[in-house]
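I opened my notebook to get to know a new structure. Here is what I looked up, entry by entry.

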Amino acid sequence: MLVLSSSADIGQVLDGRYRLDNLIGAGGMARVYQATHTGLARRVAVKVLRPELGRDREAVERFRCEAFASGQLDHPNIVAVSDSGLLADGAMFLVMELLEGESLQIRLSREQRLSWPSALEVMRALFAGLGYAHDREIVHCDIKPENIFLSVKHGEPALKLLDFGIARLYSNPQNPAVSESTIGTPTYMSPEQARGATLTPASDLYSASIVLYEMLCGMPPFAERTPRDTLLAHLTKPVPAFPPELEVPPQLEQIVRTGLSKAATTRFATAKAYQRELDAVLQAAGDVVPGRGRTNPPVAPTDFES
């Protein structure tokens, strides 16, 4: 870790290299700044834990978890983390690639839903990143639209999976380098996560299925009045049928239902297996995809235009 002398603020240079230029995001745990690596004149993003949380064991562990998990992953569909440091007041920071674009959450709040071919393109890129993480025994544990970023790099769209703050090594859930907490986002939690049980790649695929359902239908399948009721819905309620006016292929609806099976063992085993089923839907649609024209060559995995 790098030891610094003061709290992060606009204009400060962290570790003599990272000048904080603008605040671009803030949450309950951290602030995210656009910054410049002064030696390389390269723009980056710097995520800084709020100083008041520097002595909060859970907050610090989540930050360390994100640094650890992201440090193991080098994939075009996962945000790259290149450095980390520690301020004198105990607050930590991460240095990440600077992204341009918007989260899937923001896009859905504006458009409500995506066409089914566009939704499948998002899933293809998401599953590419997730499959890579799963192959390295890392379960994300918090797949949701807020953590799926639709970026643009060199003029081309590129999905990025964000925030591995509560990720786990599923081969060793008690590994001290990853979170031991069962926290997450109730709307997107798998049944086993709601119960506090062991999480596996199938848990991420359940959460990804919630995201797919929301992209297709304009709302998640389980959004009850309270977090507790939402968790109970994941455990007990059947998946609502797709509205018929959406004209989503029945094969696709069945795939989503399989992804949302209550038992992890009856879902898709891997992201690749799930993606093969989604590809079959596009193939069954023929060369012409509604709203997009011909898909020969196939639709690019990261073309997010609907």
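The entries below go from the sheets to a helix, then to charged pairs and rings.

**Ground rules**

I am working with a predicted model, where local features need pLDDT of at least 70 and side-chain atom pairs count only at pLDDT 80 or more, while totals for chains, interfaces and linings use all residues. Residues are numbered from 1 along each chain as its sequence is written, and side-chain values use heavy atoms, with hydrogens and water left out.

I take helices (H or I, at least four residues) and strands (E, at least two) as DSSP runs, numbered from the N terminus. Two strands pair if DSSP finds at least two bridges between them.

**Entry 1: the six-stranded sheet**

I started with an open sheet of six strands, in the order β1-β2-β3-β4-β6-β5 and with antiparallel pairing. Which strands stand at its edges? They are β1 and β5 (81–86); each has a single partner strand, so one side of each lacks a neighbour in the sheet.

I then followed the strands along. β1 (residues 13–14) pairs with β2 (residues 18–26) over two bridges, in the antiparallel sense. In this pairing Leu 14 stands opposite Tyr 18 of β2. The two strands form a hairpin with three residues between them, and Asp 15 in the turn has a positive phi of about 55 degrees.

Another hairpin takes β2 to β3 through three residues. β2 and β3 (residues 30–37) run antiparallel and are joined by seven bridges. Here I noted Leu 20, whose bridge partner in β3 is Ala 35.

Further on, β4 (residues 42–49) and β6 (residues 92–97) are antiparallel partners over five bridges. Val 44 has Glu 97 of β6 as its bridge partner.

I also found a helix here: α1 (residues 57–71) lies across β3, β4, β5 and β6, at about 30 degrees to β6. For such angles, axes are lines fitted to C-alpha atoms, for helices over the stretch in contact (heavy atoms within 4.5 Å). The angles run from 0 to 180 degrees between N-to-C directions.

**Entry 2: the three-stranded sheet**

Next I looked at an open sheet of three strands, ordered β7-β9-β10, with antiparallel pairing. Its edge strands are β7 (101–103) and β10 (156–161), each pairing on one side only. On average, neighbouring strands of this sheet are turned by 20 degrees against each other, direction ignored.

β7 pairs with β9 (residues 148–153) over three bridges, and Ser 103 has Phe 149 in β9 as its bridge partner. What packs on this sheet? Helix α2 does, touching β7 and β9, and its direction makes about 85 degrees with that of β7.

**Entry 3: a covered helix**

I moved to helix α5 (residues 201–217), which has 17 residues and reaches 24 Å from its first C-alpha to its last. That is close to the 24 Å expected at 1.5 Å a residue (1.5 Å times one less than the number of residues).

Is α5 mostly covered or mostly open? It is mostly covered, as 17 of its 17 residues are buried (buried is under 20% relative accessible area, exposed over 50%, partly exposed in between, with a 1.4 Å probe and protein chains only). After α5 comes Gly 218, with a positive phi near 90 degrees.

**Entry 4: charged pairs**

How many salt bridges does the structure hold? I have 14, each a side-chain nitrogen of Lys or Arg within 4 Å of a carboxyl oxygen of Asp or Glu.

One of them joins Asp 21 and Arg 19 at 2.8 Å, N to O; Arg 19 is partly exposed at 33% relative accessibility.

I also noted a network of salt bridges that links Glu 102, Arg 107, Arg 110 and Glu 111. In it, the closest N and O atoms of Glu 102 and Arg 110 are 2.8 Å apart, and those of Arg 107 and Glu 111 are 3.2 Å apart. Arg 107 and Glu 111 are four residues apart in α2 (residues 104–111), so about one helical turn separates them. Arg 107 is buried at 6%, whereas Glu 111 is partly exposed at 32%.

**Entry 5: rings**

Last, I looked for aromatic pairs (rings of Phe, Tyr and Trp, its six-membered ring, with centres within 6.5 Å; planes under 30 degrees apart are stacked, over 60 edge-to-face, the rest tilted). The count comes to four.

Tyr 18 and Phe 93 form an edge-to-face pair, 6.5 Å centre to centre with 65 degrees between the planes. This pair links distant parts of the chain, with Tyr 18 in β2 and Phe 93 in β6, 75 residues apart. Tyr 18 is buried at 4%, and Phe 93 is buried at 0%.

The rings of Phe 268 and Tyr 274 have centres 4.4 Å apart and planes at 35 degrees, so I list the pair as tilted. Both residues, Phe 268 and Tyr 274, are buried.
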